[in-house]
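Subject: Structure for you to look at

Hi,

Here is the structure I promised to pass on. Have a look at it first, and then read my notes below.

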Amino acid sequence: MSGLDSLSHFNVLGEAHMVDVGGKTVTNRVALAAGEIVMAVATLECIESGRMGKGDVLGVARIAAIQATKKTWELIPLAHSLPLTGVEVELTPAYDPARIVCRTEVRCVGQTGVEMEALTAVSVGLLTIYDMCKAIDRGMLLQNIRLLRKDGGKTGLWERDQTSRPPSA
């Protein structure tokens, strides 16, 4: 089957299916993801000073990111709905280049990991910033969306090699 047997989202016929996690051990699961949206300096200054006409950009983006974790199973076709126990969202303005760095940590006690929830939170948080600021800066760039760490389950701890991490994370 040329490698499909090692991908759990495919059955023996190579068809996509939802993995049965019923037999997996319930453990504490945690995932940390990050990404950034690069923008014009003037856009970042508007966000920081609260001069965006649509309101508190970072506050709205934080709520959007949290909501996204709860909807991940509806957006990613083979993801499970999970009983999340905690979501933390950090949105940090930075310069050189002008950007907002988003970091999310998602936790649950369950039978499958929360990596997709953490990555979805980062993506939707950054997309919300884009949506709220696009009237003044259509050239914003979402980049470096990645998993930084996951822990729990059979595979235990995994961390991204720090030497390959972008400097803004």
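Predicted model: local features only at pLDDT ≥ 70, side-chain atom pairs only at ≥ 80, totals over all residues.

Helices here are DSSP runs of H or I with at least four residues, strands are runs of E with at least two, and both are numbered from the N terminus. As a reminder, an α-helix has 3.6 residues a turn, so residues three or four places apart point the same way.

Residues are numbered from 1 along each chain as its sequence is written, and side-chain values use heavy atoms, with hydrogens and water left out.

Back to α2, which isn't straight: it bends by about 50 degrees at Thr-69 (the angle between axes fitted to the seven residues ending there and the seven starting there).

Pro-77 sits in the loop between α2 (57-75) and β2 (84-94). It counts as exposed (over 50%) because its relative accessibility is 74%. Its C-alpha is 9.8 Å from that of Ala-16, 61 residues away along the chain.

**Salt bridges**

How many salt bridges does a search of the whole structure find? There are six, counting a side-chain nitrogen of Lys or Arg within 4 Å of a carboxyl oxygen of Asp or Glu.

One of them pairs Arg-99 with Glu-36 at 3.6 Å, N to O. That pair links distant parts of the chain, 63 residues apart: Arg-99 is in strand β3 (99-110) and Glu-36 in strand β1 (27-38). Both residues are buried.

Lys-134 bridges to Asp-131, with the closest N and O atoms 2.4 Å apart. Salt bridges with shared partners also join Glu-88, Glu-105, Arg-107 and Arg-149 into one network. Within it, Arg-107 and Glu-105 meet at 2.8 Å, N to O. Arg-107 is partly exposed (between those two cut-offs) because its relative accessibility is 25%, and Glu-105 is partly exposed at 23%.

Cheers

Technical notes
Buried < 20%, exposed > 50% of the residue type's maximum accessible area, 1.4 Å probe, protein only.
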